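Good morning, colleagues. Please look at it first.

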Amino acid sequence: PDWTEQSPLSSSPLRNGQNSSPPQPEPHQKMWLDTYIEYASEITDAPTIFHKYTGLSIAASALEDKVYFKFGDQLMRPNMWICLVAGSSVARKSTSLHIGRGIYKAATNKTTYPDEFSQESLVERFAAQPCGTMVASEFINLVSCIKRGYNEGCMGFLADLYDCPTDYYKSLKSGDHYINSPAINILAATTVEWFLDRLTPDDWAGGFVPRFLLIPFLSGSTRFLALPPPVDEAKRNKVSNGLRAMRNSRGEMYFSEETREIYKRWYARHSSRDGLPPRFVGSYHRMASMSIKLAMVFECMKRQATTKTEITVESLREATDCIDEASEMMCALVSDNFAFSKYEKERSILLGVIKMTEDGTIDHSDFLKKSKMSGMEFNRVIDTMVESDELSVEYIHSSTKRKKRYRINDGR
């Protein structure tokens, strides 16, 4: 099936959420995402960027485990975790999620996963429906639910499933549960205030929050729609039918040599960025693999993937543009709103010490001595920097003892 349509004008301003767009190859095929954004924009005055990433999220959810990209010894699926961030009572975050959930349900005939749960009930639900999406209108409530005492281990469980193992086994009081070929998506929203105040440094350094692609609406005007018009059922059906047709995609997706080289150059630039806000380091470095997932989604929006489908340079560039866009917005949000805390001051001291070394490495004892910190303070900051992949630990063995050495992960 063909779910594209010819368009005499580029509609990429809608995809980018901007007023200008890069030139598109001719003839330009209007992607499903453009059609979704046009539909959603008619019935709410939410920012275009929220429609864009809601559309990408439900498209990834609809593809489930049907397509994959060989990534080392893993089969990478297009599943994504996305969170929209904006000020309280503005930007129609919940409305954006509601529209996306409605289209997803119409196209797949599936209900979304609950955002309030016990770990046991969630495991049972995933075992029965291993591919799907969770829509959480308040991200912080989702994090709080996962942290409750009776959900101990749930955060690690979800982080494991994010990587889409071929099969997953979980033993609970209710019995043994097998989750076959999971592809779990999460689409969430939160306020800037809650996002800044309620997420702790441990949340940022852990394995759950950094897996989210965070999409803040920082500034700028949006339309004001006092009375949204009734839904145009013909347009709604067109959008849901297009998403349903996308689900026919199957098989392996891959980069050509040209696309692979372009990705490598982008990856080198992305990974070598310096001066990131400390809390954002873990999230930023996980974004690179997200670009491959997005490239798969963009390609499937243009044509049906078959047994072996090449991801075009155009789709890759659209994906990396999304990552560049999201990372710039998040850096601005985090830099502008987080105070320079005691941890960040101590982190800055340690970075200054290790960057003065010739090769970016330093022994534990020298590091502690030059930091002029207490052992407890030093270990606390070092543990967080290692957990967020800012530093790595190496062990040097000799005939008499084993030395611990730290290396800075700054692209050297």
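Buried, in this talk, means under 20% relative accessible area, exposed means over 50%, and partly exposed lies in between, with a 1.4 Å probe and protein chains only. This is a predicted model, in which local features need pLDDT of at least 70, side-chain atom pairs count only at pLDDT 80 or more, and totals for chains, interfaces and linings use all residues. Residues are numbered from 1 along each chain as its sequence is written, and side-chain values use heavy atoms, leaving out hydrogens and water.

Rings of Phe, Tyr and Trp (its six-membered ring) pair if their centres lie within 6.5 Å; planes under 30 degrees apart are stacked, over 60 edge-to-face, and the rest tilted. The structure holds 19 such aromatic pairs. Phe139 and Phe212 have ring centres 4.8 Å apart and planes at 70°, so this pair is edge-to-face. Phe208 also pairs edge-to-face with Phe212, at 5.4 Å centre to centre and 70° between the planes. Are Phe208 and Phe212 buried or exposed? Both are buried, and Phe139 is buried as well.

Elsewhere, ring pairs link Phe69, Phe255, Tyr263, Trp266 and Tyr267 into a cluster.

Next, charges over rings: NZ of Lys or CZ of Arg must be within 6 Å of the ring centre and within 35 degrees of the ring normal. Lys293 places its charged end over the ring of Tyr162, 5.0 Å from the centre. Over the face of Tyr254 lies Lys308, at 5.0 Å from the ring centre.
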